[in-house]
Amino acid sequence: MAQVSVRINGRSYDVACDDGQEERLMNLAQYVDERVREIAGAVGQIGEQRLLVMTSLLIADELGDMHEKLRSRQTMAGPEPGSVSAAEGDAIAENMESMAVRIEAIAQKLSQD
């Protein structure tokens, strides 16, 4: 298992990940850091744990919106050129759900430190 050091809200965290997933984890951490900074800019530094919870909820909301968009695209009559098939939509939704679970696990590990 690989170990990656990520920086979120000015703090470094060592996080384990599957071999070969280091770059993906760093990209996810960068996205989370951007969202944390966005929320901190809006509400101020309200404590690390609350800030990470708010960020997790925001990202979960974004994920929910994406699920709804995928569902509505799948229920449209007839496939359009360039549109995703139902199987592709399901695969995208599964991937997004997996990312959400990973983000939540990272946020939980971060809040334990």
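This is a predicted model: local features need pLDDT of at least 70, side-chain atom pairs count only at pLDDT 80 or more; totals for chains, interfaces and linings use all residues.
In soluble globular proteins, nonpolar side chains tend to be buried together. The largest nonpolar core here has 19 residues, and those touching the most other members are Val6, Ile8, Val15, Leu25, Val32 and Val36. Two or more residues of this core come from each of strand E1 (2-8), strand E2 (11-17), helix H1 (22-43), H2 and helix H3 (86-112). The greatest contribution is that of H1, with seven residues. Apart from this core lies another, of five residues, which include Leu63, Leu70, Ala93 and Met96. Beyond its neighbours within four places in sequence, Val15 is in contact with Ala2, Gln3, Val4, Val6, Leu25 and Ile106.

Helix H2 (residues 48-75) contains Thr55. Because its relative accessibility is 1%, Thr55 counts as buried, the cut-off being under 20%. With neighbours within four places in sequence left aside, Thr55 is in contact with Val32, Arg35, Val36 and Ile39.

Rolling a probe the size of a water molecule over the atoms shows where empty space is left. In this model there are two cavities of 30 Å³ or more. The largest has a volume of about 70 Å³; of its 10 lining residues, Val32, Ser56, Ile103, Ile106 and Ala107 are the closest to its centre. At least two residues of this lining come from each of H1, H2 and H3. Eight of the lining residues are nonpolar and two are polar, with no charged residues.

The second largest cavity, with a volume of about 30 Å³, is lined by Ser56, Ile59, Ala60, Ala100, Ile103 and Glu104. Here H2 and H3 each supply at least two lining residues, and the lining comprises four nonpolar residues, one polar and one charged.

Definitions and conventions: Residues are numbered from 1 along each chain as its sequence is written. Side-chain values use heavy atoms; hydrogens and water are left out. Helices (H or I, at least four residues) and strands (E, at least two) are DSSP runs, numbered from the N terminus. Buried means under 20% relative accessible area, exposed over 50%, partly exposed in between (1.4 Å probe, protein chains only). Contact means heavy atoms within 4.5 Å. A nonpolar core is a set of buried Ala, Val, Leu, Ile, Met, Phe, Trp, Tyr and Cys residues joined through side-chain atoms within 4.5 Å. On a 1 Å grid over the protein atoms alone, a cavity is a set of points where a 1.4 Å probe fits but cannot get out, and a pocket is an open set with protein on both sides within 12 Å along at least five of seven lines; lining residues have an atom within 4 Å of a point. Grid points are joined across faces, edges and corners, and a volume is the space filled by probe spheres set on the points. Ala, Val, Leu, Ile, Met, Phe, Trp, Tyr, Cys and Pro count as nonpolar, Asp, Glu, Lys and Arg as charged, and the others, Gly among them, as polar.
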